[in-house]
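This report walks through the contacts that can be read from one structure, taking charged pairs, aromatic rings, a sulfur link and a sheet in turn. Please keep the sequence and the 3D view at hand while reading.

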Amino acid sequence: QVQLVESGGGLVQPGGSLRLSCAASGSIASIRHMGWYRQAPGKERELVAGITTGTLTNYAASYADSVKGRFTISRDNAKNTVYLQMNSLKPEDTAVYYCNARPPFALLNWGQGTQVTVSS
């Protein structure tokens with residue numbers, strides 16, 4: 001099965017930016033629905049951004065209300081990588097971030113995630 005490796009997290013001040021990457025060990029071109037999830041301490045894992053590949057390079061993105069206008073998801077099927085550009089970060093964005101498939105596609109094995117900490 002495809003393995004996922006997330007990277008790019010770190011400690012950033014409020015208002016700062018980070019770009020997360022999710023590298024897959026195999027092709028994700030056939031997995032049309034991919035997403036970024038996050039899990040904050042003591043909370044359930046939640047989907048924050050999704051991307052769906054249409055035809056060729058066309059795709060549709062969707063976002064949770066809490067990140068809309070600040071986060072941008074993208075994917076490069078040639079590199080088997082999904083990205084999450086996060087701007088105007090807030091302390092409440094602090095969480096471990098994961099990428100994975102989205103329904104109706106079956107979830108892949110979860111990667112180790114990448115920690116994002118927003119603090120002054």
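A salt bridge is counted when a side-chain nitrogen of Lys or Arg lies within 4 Å of a carboxyl oxygen of Asp or Glu. The model is a predicted one, in which local features need pLDDT of at least 70 and side-chain atom pairs count only at pLDDT 80 or more, while totals for chains, interfaces and linings use all residues. Residues are numbered from 1 along each chain as its sequence is written, and side-chain values use heavy atoms, with hydrogens and water left out.

**Salt bridges**

A search of the whole structure finds 4 salt bridges, and the table lists some of them.

| Salt bridge | N to O distance |
|---|---|
| R38 and E46 | 2.8 Å |
| K68 and D65 | 3.2 Å |
| R70 and D93 | 2.7 Å |

How are D93 and R70 placed along the chain? D93 lies in the loop between β8 (81-86) and β9, whereas R70 lies in the loop between β6 (59-63) and β7 (71-76), so this pair ties together parts that are 23 residues apart in sequence. The strands named here are DSSP runs (E, at least two residues; helices are H or I, at least four), numbered from the N terminus.

The surroundings of these pairs can be described by relative accessible area, where buried means under 20%, exposed over 50% and partly exposed in between, using a 1.4 Å probe and protein chains only. Both D93 and R70 are buried, while both K68 and D65 are exposed. R38, E46, R70 and D93 are linked in a network of salt bridges.

**Aromatic rings and a charge above them**

A pair of aromatic rings is described by the distance of the centres and the angle of the planes. Rings of Phe, Tyr and Trp (its six-membered ring) pair if their centres lie within 6.5 Å; planes under 30 degrees apart count as stacked, over 60 as edge-to-face and the rest as tilted.

The structure holds 2 aromatic pairs. Y37 and W110 form an edge-to-face pair, with 5.1 Å from centre to centre and 85° between the planes. Because Y37 lies in strand β4 (residues 33-39) and W110 in the loop between β9 (95-101) and β10 (114-118), the pair ties together parts that are 73 residues apart in sequence. Y37 is buried, with a relative accessible area of 10%, whereas W110 counts as partly exposed at 32%.

Y98 and W110 also form an edge-to-face pair, with 5.7 Å from centre to centre and 80° between the planes. This pair links Y98 in strand β9 with W110 in the loop between β9 and β10, 12 residues apart. Y98 is buried, with a relative accessible area of 11%. Y37, Y98 and W110 form one aromatic cluster.

Which rings does the charged end of R45 sit over? The charged end of R45 sits over the ring of Y98, 4.1 Å from its centre, and also over the ring of W110, 3.9 Å from its centre. A charge is said to sit over a ring if NZ of Lys or CZ of Arg is within 6 Å of the ring centre and within 35 degrees of the ring normal.

**The disulfide**

A disulfide is a pair of cysteine sulfur atoms within 2.5 Å, and by this rule the count comes to 1 disulfide. The disulfide joins C22 to C99, with an S to S distance of 1.6 Å. It links distant parts of the chain, with C22 in strand β3 (residues 18-24) and C99 in strand β9, 77 residues apart. Both C22 and C99 are buried.

**The sheet**

Strands of a sheet pair through backbone hydrogen bonds, either parallel or antiparallel. Two strands count as paired if DSSP finds at least two bridges between them. Here 4 strands form an open sheet in the order β1-β3-β8-β7, and the pairing is antiparallel. The edge strands are β1 (4-7) and β7, each of which pairs on one side only.

The antiparallel strands β1 and β3 are joined by 4 bridges, and E6 has C22 in β3 as its bridge partner. Between β3 and β8, which also run antiparallel, there are 6 bridges, and L20 stands opposite L84 in β8.
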